[in-house]
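Subject: Structure handover

Hi,

Here is the structure you will be working with. Please open it alongside this note.

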Amino acid sequence: MDNPLIERMRVYGETIFAEMTRLATETGSVNLGQGFPDTDGPRPLLEAASRNILEGVNQYPPGPGRPELRRAVSRYRSRHYGIDLDPDTEVYITVGATAGIAAALLALVEQGDEVIVFEPMYDSYAAMVTLAGGVRRPVTLRPDPATGRFVFDPDELRAAVGPRTRMVLVNSPHNPTGTVFTAQELEEIAAVCREHDLIAFTDEVYEFLTFDGRPHVPLATLPGMRERTVSVSSVGKMFAVTGWKTGWVMGPEPLVTAVRTVNQFLTFSANGALQLAIADAIDNEGEWVAAQRAALQGKRDRLAAGLAETGFEVGVSEGTYFVMADIRPLGYTSGVDIARALPREAGVAAVPAQVFYDREKEGEHLLRFAFCKRDEVLDEAVARLTAWHHRAS
Ligand SMILES: *Cc1c(COP(=O)(O)O)cnc(C)c1O
């Protein structure tokens with residue numbers, strides 16, 4: 001049979017992630033490619049989930065999600081940001097942020113609509129804009145010479161808007177660069193949305209993982225933005241349970257209803273036993289989250305210092321699980337080649353950042369490393385990279 005996959009999805013057939021994971025496993029590499037923690041989330045969360053299953057919370061939860069979780073989401077968004085969400089109509093539970101992203105793009109992007117996306121971008125955005133029949137208009141984040149932060153040029157953002165622009169997709173804290181947009185940067189985006197009557201879609205899954213006291217500012221809190229912003233977050237990064245795949249879509253009723261209309265036929269509902277446990281953790285595990293944030297900040301420092309010592313030029317990470325590293329000071333230019341070579345030659349796996357770009361050239365020389373790992377794992381990775389570089393030079 002000829003390839004049965006619809007034509008516009010064919011470019012997404014073979015991802016480099018699958019290849020890197022296979023290489024890492026084959027070579028016994030330290031895997032700093034995939035962004036998942038190697039320690040567990042808060043004990044009471046895990047125990048509550050197990051208990052719920054044993055006590056019979058095992059049938060379909062309501063399609064929009066358990067009311068306990070929708071209310072807990074509404075409470076924390078109010079407590080942390082002063083955003084008021086009606087838990088019945090403005091919060092909707094999905095199978096991870098991923099399903100929320102998919103449903104939102106399918107529900108809100110018409111064939112031929114343009115979506116402005118900051119690149120490097122999380123891989124599901126590209127595929128889902130395509131599946132929705134939309135067209136991406138990338139705006140590139142580049143290191144600011146003064147601060148080292150990855151930032152966008154407001155003129156480039158403005159120039160990306162055209163008559164078919166429907167949506168701006170914003171991920172802050174940003175995977176893979178670690179940039180946390182400032183209130184001023186967000187205002188640049190908000191102004192464009194207001195001026196051109198655009199929908200903003202925000203991915204805030206790292207909302208609690210910001211470092212150095214930097215605040216996370218939801219775009220919805222800016223003037224004129226609440227009514228046009230639909231947001232996703234999820235439990236995976238918040239409580240270090242990335243396999244739990246439980247997320248939530250938040251926004252004004254018309255936008256959330258649109259997402260719900262599509263999602264009811266994608267997954268209908270998400271896991272109920274987990275939802276109940278997560279609701280309790282959101283209310284009660286604030287201290288765990290604060291400790292996790294502090295620990296991750298230390299891990300960022302640990303890995304960044306090690307990579308710098310090895311000779312990489314290390315980007316500024318203000319949040320998330322990730323830091324970017326430029327390979328050019330080591331004498332290389334192709335991140336894809338180095339990422340393919342590292343597992344065999346060094347015993348370490350990383351992701352070539354090029355895969356996160358539409359304009360591939362922009363990210364050719366960058367690798368993404370995950371630091372959400374135990375300290376001894378990070379130290380082992382740095383030791384292996386250092387030894388590799390000494391052998392190579
Ligand atoms: C991990 C991640 C997601 C996926 O979240 P899930 O809840 O696991 O589906 C979405 N967006 C970004 C930027 C991520 O890093």
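Below is what turned up, starting with the ligand and ending with the backbone.

Keep in mind that this is a predicted model.

The ligand site

Start with the pocket. The ligand takes up the space of the largest pocket. Around the ligand stand 14 residues. The closest of them are Thr98, Asp203, Tyr206, Ser234 and Lys237. By class, the shell splits into 6 nonpolar, 5 polar and 3 charged residues.

Which element gives the largest share of that shell? Helix α4, residues 96-108, does, with 4 residues.

- Serine 234: a polar side-chain atom sits 2.6 Å from an oxygen atom of the ligand.
- Lysine 237: an N or O atom of the side chain is 3.0 Å from an oxygen atom of the ligand.

How much of the ligand does the protein bury? On its own, the ligand exposes 380 Å², and the protein buries 95% of that.

The annotated domain

UniProt, in an unreviewed entry, places the feature "domain: Aminotransferase class I/classII large" at residues 30-385. Over that stretch the chain is 42% helix and 17% strand.

Backbone points to check

Most peptide bonds are trans, and most residues other than glycine have a negative phi.

- Proline 120 lies in the loop between β3 (114-119) and α5 (123-131).
- Serine 172 to proline 173: the bond is cis here too, with omega near -10°. Proline 173 belongs to the loop between β7 (165-171) and α7 (183-196).
- Lysine 245: phi is positive, at about 45°, though this residue is not a glycine. Lysine 245 is found in the loop between α8 (235-238) and β10 (247-250).

That is the handover.

Best wishes

Methods:
Residues are numbered from 1 along each chain as its sequence is written. This is a predicted model: local features need pLDDT of at least 70, side-chain atom pairs count only at pLDDT 80 or more; totals for chains, interfaces and linings use all residues. Side-chain values use heavy atoms; hydrogens and water are left out. A residue is near a molecule or strand if one of its heavy atoms lies within 4 Å of it. A polar contact is a pair of N or O atoms within 3.5 Å; within protein, one must be able to donate a hydrogen and the other to accept it, and residues adjacent in sequence count only if both atoms are side-chain atoms. Accessible areas come from the Shrake-Rupley method with a 1.4 Å probe; for residues, only the protein chains shown count as cover. On a 1 Å grid over the protein atoms alone, a cavity is a set of points where a 1.4 Å probe fits but cannot get out, and a pocket is an open set with protein on both sides within 12 Å along at least five of seven lines; lining residues have an atom within 4 Å of a point. A molecule sits in a cavity or pocket if more than half of its atoms lie within 2 Å of its grid points. Helices (H or I, at least four residues) and strands (E, at least two) are DSSP runs, numbered from the N terminus. Ala, Val, Leu, Ile, Met, Phe, Trp, Tyr, Cys and Pro count as nonpolar, Asp, Glu, Lys and Arg as charged, and the others, Gly among them, as polar. UniProt positions are given in the numbering used here, feature names are shortened, and annotations may be inferred rather than shown by experiment.
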